[in-house]
Amino acid sequence: MAKIAVLGYGVVGSGTVEVFYKNRESLEKKAGESLDIKYILDLRDFPDSPYKDKFTKDFNVILNDPEVTVVCEVIGGIKPSYDFVKNSLQAGKSVVTSNKELVAAKGAELLSIAKEKNVNFFFEASVGGGIPIIKPIHACLEANEIDEIAGILNGTTNFILTKMIRDGMGFEEALKIAQELGYAERNPTADVEGIDACRKICILASLSFGRHVYPENVHTEGITKVTLRDVEYMESYGAKIKLIGCARREDNDEISIGVFPAVIKDESQLAGVNDVFNAILVRGDATGDVVFYGKGAGKLPTASAVVSDIVSAVKHSDTSRSLTWADSDQKFIRPFDLFTSADYIRLATENIDVTKAVVKAVFGNVEYLSSKNQPANELAFITDVMTEKDVLAACEKVADSAEILGRIRVLDY
Ligand code: HSE
């Protein structure tokens with residue numbers, strides 16, 4: 001019998017235990033042996049839980065129990081999770097985690113320890129909640145060189161943007177609902193400022209391009225500057241605004257990577273991804289575009305990915321060699337001022353004709369947009385594809401005769 005320990009009994013931990021016992025019989029068939037959760041680690045007391053006999057507050061009880069072969073870390077954050085995971089791997093136990101912060105910050109090191117100890121370190125639940133994406137990238141798309149990977153990677157912000165687009169709902173109200181539904185992080189700043197999506201694109205990029213990308217090297221913007229006015233202009237353009245994490249292979253063995261709100265044309269599969277749903281588009285050199293879609297947050301979808309990793313860890317008691325990447329000095333990350341995209345720009349001006357002439361001079365021909373509530377002194381337009389550096393320089397010139405109210409990159413997926 002394989003014995004499992006679950007570290008953390010919050011939203012994902014309790015979901016993991018629930019899914020495990022609900023489907024235990026079929027999981028055992030899939031794993032090829034009987035399974036049980038021997039311990040649940042949490043500092044809180046759960047006297048009314050049907051699993052109350054399994055709770056412990058002492059990680060060392062788990063670490064020192066040779067019967068426990070799979071440790072499932074669903075606490076989140078770096079402290080104390082990093083020590084718990086590292087110690088478990090070093091003790092020869094496989095580890096399964098949903099902790100994107102930990103994988104994004106320490107993935108290369110933890111994968112290397114797992115390899116050295118011939119155990120597994122799995123983290124399917126760290127990206128896309130219930131969507132299978134980590135295993136498909138390393139085990140199903142391995143014939144491809146991945147040219148680009150892009151996705152709606154945060155359920156909370158997609159939920160908020162959907163409420164803004166569909167219902168004209170304000171930001172705070174939509175965030176509150178997302179929190180009540182258990183989608184948001186404990187501190188929702190990580191969601192709305194793009195930090196959570198950044199961790200996830202770092203994991204996907206590290207796996208896709210084989211070298212660790214650390215979050216601090218990724219240009220990251222959240223959705224707090226997106227306004228209902230921007231959303232309205234998108235109707236005339238036939239597009240939606242989505243928080244996108246993207247990474248693309250460039251020449252010279254470099255990658256471009258970033259997280260920011262982006263204008264996505266309605267024809268794109270990413271534009272129709274609403275509410276808490278996530279979608280990840282993988283552009284392989286043999287497959288072309290493959291899109292993975294599903295619930296990116298929430299108790300049971302995330303628990304589904306965790307439990308599936310537990311079964312994989314039991315089934316494959318030696319290490320999965322294709323799930324790995326090397327540490328890196330980050331020099332392969334292209335400076336973001338060389339990132340290329342078209343841009344949506346919204347501005348206010350006292351003199352429309354003068355500003356239009358300046359816009360033509362610095363941006364060339366642009367496509368002007370309209371919106372139902374467009375103020376007489378406002379212009380909104382889409383530029384050609386330019387580098388970040390050139391867009392910023394052009395905006396500075398336009399700012400002599402107008403006030404730039406908003407700028408959102410336009411991506412083509
Ligand atoms: N807060 C995250 C989200 C949870 O909203 O996507 C899943 O990682």
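1. Pro80 sits in the loop between β4 (68-73) and α4. Helices (H or I, at least four residues) and strands (E, at least two) are DSSP runs, numbered from the N terminus. Lys79 and Pro80 are joined by a cis peptide bond, with omega about 0°. This is a predicted model: local features need pLDDT of at least 70, side-chain atom pairs count only at pLDDT 80 or more, and totals for chains, interfaces and linings use all residues. Residues are numbered from 1 along each chain as its sequence is written, and side-chain values use heavy atoms, with hydrogens and water left out.

2. Asp253 lies between β9 (239-249) and β10 (255-265). Asp253 is not a glycine, yet its phi is positive, about 65°.

3. Next, α4 and α5. The axes of α4 (residues 81-90) and α5 (residues 100-117) come within 9 Å and cross at roughly 15°. Axes are lines fitted to C-alpha atoms, for helices over the stretch in contact, and angles run from 0 to 180 degrees between N-to-C directions. The two helices, α4 and α5, are therefore roughly parallel (angles under 35 degrees; over 145 is roughly antiparallel, 65 to 115 roughly perpendicular, the rest oblique). The α4 side of the contact (heavy atoms within 4.5 Å) consists of Ser81, Tyr82, Val85, Lys86, Leu89 and Gln90. From α5 come Leu102, Lys106, Glu109, Leu110, Ile113, Ala114 and Lys117. By class, this α4 and α5 contact has 7 nonpolar, 2 polar and 4 charged residues (Ala, Val, Leu, Ile, Met, Phe, Trp, Tyr, Cys and Pro count as nonpolar, Asp, Glu, Lys and Arg as charged, and the others, Gly among them, as polar).

4. Then α7 and α8. Helix α7 (residues 155-167) packs with α8 (residues 171-180) at about 135°, axes 9 Å apart. α7 and α8 are therefore oblique to each other. α7 contributes Thr156, Phe159, Ile160 and Lys163 to the contact, and α8 contributes Phe171, Ala174, Leu175, Ile177 and Ala178. The classes in this contact of α7 with α8 are 7 nonpolar, 1 polar and 1 charged.

5. Last, the ligand site. Residues around the ligand (a heavy atom within 4 Å) include Lys100, Asn154, Thr156, Tyr183, Glu185, Asp191 and Lys200. A polar side-chain atom of Thr156 is 2.6 Å from a ligand oxygen atom. An N or O atom in the side chain of Asp191 lies 2.7 Å from a ligand nitrogen atom. For Asn154, a side-chain N or O atom is 3.5 Å from a ligand oxygen atom.

Conventions. A polar contact is a pair of N or O atoms within 3.5 Å; within protein, one must be able to donate a hydrogen and the other to accept it, and residues adjacent in sequence count only if both atoms are side-chain atoms.
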